[in-house]
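Visitor: Can you walk me through a structure? I'd like to go topic by topic and keep it quick.
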Amino acid sequence: MTEAHAATTPLIEFDRVRKSFGGAQPVLNEASFTVERGQFAVLTGANGAGKSTALKLITGWLAPDDGRVAVAGEEPARLRDAALSALRRAIGMVPQDLHLLADRSVLDNVMLPALADGLSRKAAAERARSALQRVGLADDGAEMPAQLSAGAQQRAALARAIVNRPAVLLVDEPTAFLDAAAATVLLQLLEEFARAGMAVLMASHGEPAPLPSMARRLRLAEGRISE
Amino acid sequence: MKALAVRAHALREMARLLRRRPGSFLLAVVLAAAAFTVPLVGASVARSAAPLVQQLPLGPEINLFLVASTSTTEIRQLQSLLAGRAGVAQVEWITRDAALKALAQRTGSSGLADLKGNPLPDVLVVTLSTETPPAEVETTVAELRRLPRVESVAADTGWHRQLRALLRAATVTATLVGGLAAVLLVLIVLASVQLQLTSSAEYVRALRLVGADTRFVVRPFAYAGALTLALGTLLAAGLTWAGLTAAAAQAAELAQAYGASFNLQALPPQWLVLLAVVAAFVGGAIAALGTRWGLRRTR
């Protein structure tokens, strides 16, 4: 993803995307939207509306039935293993169930993407400490994930998502199980990452309050996305 | 640097993988050793028996009994004519005097000394090459019968036939045992990989999530497969060595009772180390394929 390319192409692009499962009513139907560099977009919709499907289309876990999904101009559905993995390393993803590994420390969890990117353990640890510091968990690296609060676990997963300094950050229902204070901290962090130049796309079943002023609201209903 | 870093990480993950289910790993090593031990014992016994087998007359022998009046020159001409034939490994001339002497020694009969002359003929013993098929032996016998100065021909083709059948049976048995061991080893590694994949499902999901490519995911499992077969081979080598050492004295005693010398010994250590290295590569390859197969469902 070159700088010139990134400057002219939206980092996330949905163009008349259609996706259905098993011939049922399509979850996404002619869905179109873009997220540019430095934008913070919040995709809201009811449970089962297709928000997680949209995120999975971006990361290439699913392929659209029709239309085009692109990340910095690359279509994940058309990429083979190595190229798709490289694209995923350029996308920071915080899934709803976090996928923090219970048998290793927070630092080891956060290091994982850097190690997968070929960094030495020492360099990966340095990056992971820096990422933990950005999310306010500088002192929690040695803890096991289960020892952290729900909000801190979300931030640990966020640190793991940004450790490879991605251009795109996807966050699925991050505030679902957080109290208002923890949700606010998290949303401030996402705003900060967007201001630093990332394209942030957050999926949420309701509009978490208070949403940062810069946030773009995208509403997903009956398969279509409206602003 | 990057290549080193990912391999170092894979080694650490392999250690973590084995620590997670040490019992399964040890069981896989012991099963691999058990599967390896049978062909290893077979190979050791075959290698120990090789000097004995080399002494056996493996090629079919045809005895040409010459007419009594055949001169030395004629016998020599016949001997070189036979030696030049295709498929003939060796032609030995047993003179009638040597034959009589041998007979006297064998029978211990003093009566032979009273004979007026030597009634035995000169004999040319023609040894054909080991690969000669039985049908060709019979054709050769018929051809040799028509040679001048040949009174009669005797050939023990039955022995050759039995020996070939025995060798064929031994080859088939060795192939079957080797094949069975290979299948068992593949199954052991694949089963071990599936267990490790199941117990590492969360880890694999997290790796996929953060964009690890397939090779990065597969590598620790491949290393574990390599280690399983390498340790299995070394354990099998140890068991074989212990078994053969225990049986060596009895085997030597048995051979001595038949007037032979037999030294039962394990394969040389450098062969075993080479075998362990090859097994490690094979184990790694099988485990890598098994892991890729297991990961196919997660794009």
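Guide: A term to begin with: helices here are DSSP runs of H or I with at least four residues, numbered from the N terminus. B:L239, for one, is found in helix α8 of chain B. Also, this is a predicted model.

Visitor: Good. How many helices and strands are there in chain B?
Guide: Chain B has 9 helices and 4 strands.

Visitor: And what pattern does chain B follow along the sequence?
Guide: The order is α-α-β-α-β-α-β-α-β-α-α-α-α. Chain B is more spread out than a compact globule, because its radius of gyration is 31 Å, well over the 19 Å that the globule rule gives for 299 residues.

Visitor: What does the C-alpha trace of chain B span along its principal axes?
Guide: About 100 × 40 × 35 Å.

Visitor: What percentage of the residues in chain B are buried?
Guide: Buried residues make up 27% of the 299 in chain B.

Visitor: And what share of the contacts in chain B comes from residues 24 or more positions apart?
Guide: They account for 83% of the chain B contacts with a separation of 6 or more.

Visitor: Let's do helix packing. At what angle do the axes of α2 and α8 of chain B cross?
Guide: Roughly 50°, and the axes come within 7 Å. Helix α2 covers residues 22-55 of chain B, and α8 covers residues 214-257. Angles under 35 degrees would count as roughly parallel and 65 to 115 as roughly perpendicular. α2(B) and α8(B) are therefore oblique to each other.

Visitor: Is the crossing of α2(B) and α8(B) left-handed or right-handed?
Guide: Right-handed.

Visitor: Which residues of α2(B) and α8(B) meet?
Guide: From α2(B), they include B:F25, B:A28, B:A32, B:F36 and B:L40. From α8(B), B:L229, B:L235, B:L239 and B:G243 are among them. By class, this contact has 15 nonpolar, 7 polar and no charged residues.

Visitor: Back to B:L239. What does B:L239 touch?
Guide: B:A33 and B:T37, not counting residues up to four places away in sequence. Both of those residues are in α2(B). B:L239 is partly exposed, because 16 other C-beta atoms lie within 10 Å.

Visitor: How many residues apart in sequence are B:L239 and B:L18?
Guide: 221 residues, with 23 Å between them in space, C-alpha to C-alpha.

Visitor: How do α2(B) and α6(B) run relative to each other, parallel or antiparallel?
Guide: Their axes cross at roughly 170° and come within 9 Å. Over 145 degrees counts as roughly antiparallel. α2(B) and α6(B) are therefore roughly antiparallel.

Visitor: Which residues meet there, between α2(B) and α6(B)?
Guide: α2(B) brings B:L31, B:A35, B:V38 and B:P39, among others. α6(B), residues 157-199, brings residues including B:V177, B:A181, B:L184 and B:I188. The contact has 14 nonpolar, 4 polar and no charged residues.

Visitor: New topic, the two chains. How many residues of chain A are in contact with chain B?
Guide: 19 residues of chain A are in contact with 17 residues of chain B. On the chain A side, α3 (81-89) and α4 (106-116) each supply at least two residues. The largest share, 5 residues, comes from α3(A). The residues on that side divide into 10 nonpolar, 4 polar and 5 charged.

Visitor: Now A:A161. Buried or exposed?
Guide: A:A161 counts as buried, because it has 26 C-beta neighbours inside 10 Å; the cut-off is 20 or more. A:A161 is found in helix α6 of chain A, residues 150-162. A:A161 touches A:G92, A:M93, A:V94 and A:L169, leaving out residues up to four places away in sequence. A:A90 is 71 residues from A:A161 in sequence, and their C-alpha atoms are 9.6 Å apart.

Visitor: Backbone next. What is the phi of A:R16?
Guide: Positive, about 45°, although A:R16 is not a glycine. A:R16 lies in strand β1 of chain A, residues 12-19. A:R16 is partly exposed, with 13 other C-beta atoms within 10 Å.

Visitor: And where is A:E222 found?
Guide: In the loop between β8 (216-221) and β9 (224-226) of chain A. A:E222 also has a positive phi, about 50°, and is not a glycine. A:E222 is exposed, with 12 other C-beta atoms within 10 Å.

Definitions and conventions:
Residues numbered from 1 in each chain as written. Chains lettered and ligands numbered in written order. Predicted model: local features only at pLDDT ≥ 70, side-chain atom pairs only at ≥ 80, totals over all residues. Rg over C-alpha atoms; globule rule 2.2 N^0.38 Å. Contact = placed C-beta atoms within 7 Å. Nonpolar A, V, L, I, M, F, W, Y, C, P; charged D, E, K, R; others polar. Axes fitted to C-alpha atoms, helices over the stretch in contact; angles between N-to-C directions. Left-handed = near helix turned anticlockwise from the far one by under 90°.
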